[in-house]
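Subject: Structure for your review

Dear colleague,

Please find below the sequence and the structure that I am handing over to you. My findings follow directly after them.

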Amino acid sequence: MGEQKKQIGIMGGTFDPIHAGHLLAAEQAREQAALDEVWFMPTHIPPHKQWAGLTPASHRLRMVELAVADHPAFRASDLELRRSGPSYTFDTMRNLVSVHQDCRFSFIIGGDMVKILPQWHRIDDLLKMVRFIGLSRPGIKLEEKVYRDFVTFVEMPAWDISSTLIREKAARGRSIRYLVPPAVECYIKEHGLYELVE
Ligand code: ATP
Ligand code: MG
């Protein structure tokens, strides 16, 4: 009998900043989809998401590293950041699949991303390479059967939090305690991230 392949979940995102919703989603996916590891992979910020106070990749990666440090099955990956410019998930996954032949990859996404999955670059080829694990996200309805054909759904208590909410709170000097891990909260304060620039 051949070796069982190691099951790896990839959690992609801009992580500007990483928050409790990302960590909960990854942990629920890890357990319910029997993943051995989850790799958090910050992406270059795509043009449609750019905003005035754009956070450099080095800070976003460092916050991910701090957030996953205490979980034995979580890792931070700088694979997409090491390439210049934004990369398609298709190219990233093709690269991972060829480099790590002892692993099977799943891509973990929230409901908002499931909705736009049919529009992803080379989605048909991507579906042949990786499994998608979908998590519910408040405000996103996924009733159509088409999603069920693509995606393995896992349950998670709905947490209506986003990086946008955290950036807004931080900018207004409001508390972000418990919305992000303590080490990430410290890092944001220390580096003055998300503060309003007059
Ligand atoms: P922003 O507000 O900047 O868009 P975000 O909170 O949506 O940030 P992203 O980095 O865009 O975070 O998302 C990364 C992945 O995490 C996506 O697949 C997204 O659907 C998922 N995700 C983020 N927040 C949640 C949440 N609260 N519940 C479930 N999934 C989430
Ligand atoms: Mg988002």
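This is a predicted model: local features need pLDDT of at least 70, side-chain atom pairs count only at pLDDT 80 or more; totals for chains, interfaces and linings use all residues.

Setting aside residues up to four places away in sequence, methionine 11 touches His22, Ala25, Ala26, Val38, Trp39, Phe40, Met41 and Ile108. Methionine 11 also belongs to the largest nonpolar core, which has 34 residues; Met11, Ile18, Val38, Phe40, Met63 and Ile108 are the ones that touch the most other members. Two or more residues of this core come from each of H1, E2, H2, strand E5 (131-135), H8 and H9. The largest share, six residues, is given by H1. There is also a second, separate core of 22 residues, including Ile8, Leu79, Trp120 and Val151. As a general point, nonpolar side chains in soluble globular proteins tend to be buried together.

Next, the helices. The 13 residues of H1 should span 18 Å at 1.5 Å a residue, and this agrees with its end C-alpha atoms, which are 18 Å apart. The buried residues of H1 are Ala20, Gly21, His22, Leu23, Leu24, Ala25, Ala26, Gln28 and Ala29. After H1 comes alanine 34, with a positive phi near 50°.

Helix H2 (residues 57-68) has twelve residues and should span 16 Å at 1.5 Å a residue; its end C-alpha atoms lie 17 Å apart, which agrees. In H2, His59, Arg60, Leu61, Met63, Val64, Ala67 and Val68 are buried. These buried residues pack against helix H1 (20-32), strand E2 (37-42), strand E3 (74-76), helix H3 (79-82) and helix H9 (182-190). Glutamate 65 is also in helix H2, but glutamate 65 is partly exposed, because its relative accessible area is 30%, and buried would require under 20%.

Where is serine 77 placed? Serine 77 is in the loop between E3 and H3. Its relative accessibility is 12%, so serine 77 counts as buried. Apart from neighbours within four places in sequence, serine 77 is in contact with Phe40, Met41, Pro42 and Leu61. Serine 77 and methionine 11 are 66 residues apart in sequence, while their C-alpha atoms are 9.7 Å apart in space.

Some details of the backbone also deserve attention. The loop between E1 and H1 holds phenylalanine 15 and proline 17. Phenylalanine 15 has a positive phi, near 50°, in a residue other than glycine; with 1% relative accessibility, phenylalanine 15 counts as buried. Aspartate 16 and proline 17 are joined by a cis peptide bond, with omega about 0°. Tyrosine 178, in the loop between H8 and H9, likewise has a positive phi, near 75°. Is tyrosine 178 buried or exposed? Tyrosine 178 counts as exposed, because its relative accessibility is 68% and exposed means over 50%.

Finally, the largest pocket has a volume of about 1,200 Å³. Its lining consists of 46 residues, of which Gly12, Gly13, Thr14, Lys49 and Met113 are the closest to the centre. Strand E1 (6-13), H1, helix H4 (89-99), strand E4 (103-110), helix H5 (111-115) and helix H8 (163-171) each give two or more residues to this lining. The largest share, four residues, comes from E4. By type, the lining of the largest pocket divides into 22 nonpolar, 18 polar and six charged residues.

Yours sincerely

Definitions and conventions:
Residues are numbered from 1 along each chain as its sequence is written. Chains are lettered from A and ligands numbered from 1 in the order in which they are written. Side-chain values use heavy atoms; hydrogens and water are left out. The expected span of a helix is 1.5 Å times one less than its number of residues. Buried means under 20% relative accessible area, exposed over 50%, partly exposed in between (1.4 Å probe, protein chains only). Contact means heavy atoms within 4.5 Å. On a 1 Å grid over the protein atoms alone, a cavity is a set of points where a 1.4 Å probe fits but cannot get out, and a pocket is an open set with protein on both sides within 12 Å along at least five of seven lines; lining residues have an atom within 4 Å of a point. Grid points are joined across faces, edges and corners, and a volume is the space filled by probe spheres set on the points. Ala, Val, Leu, Ile, Met, Phe, Trp, Tyr, Cys and Pro count as nonpolar, Asp, Glu, Lys and Arg as charged, and the others, Gly among them, as polar. A nonpolar core is a set of buried Ala, Val, Leu, Ile, Met, Phe, Trp, Tyr and Cys residues joined through side-chain atoms within 4.5 Å.
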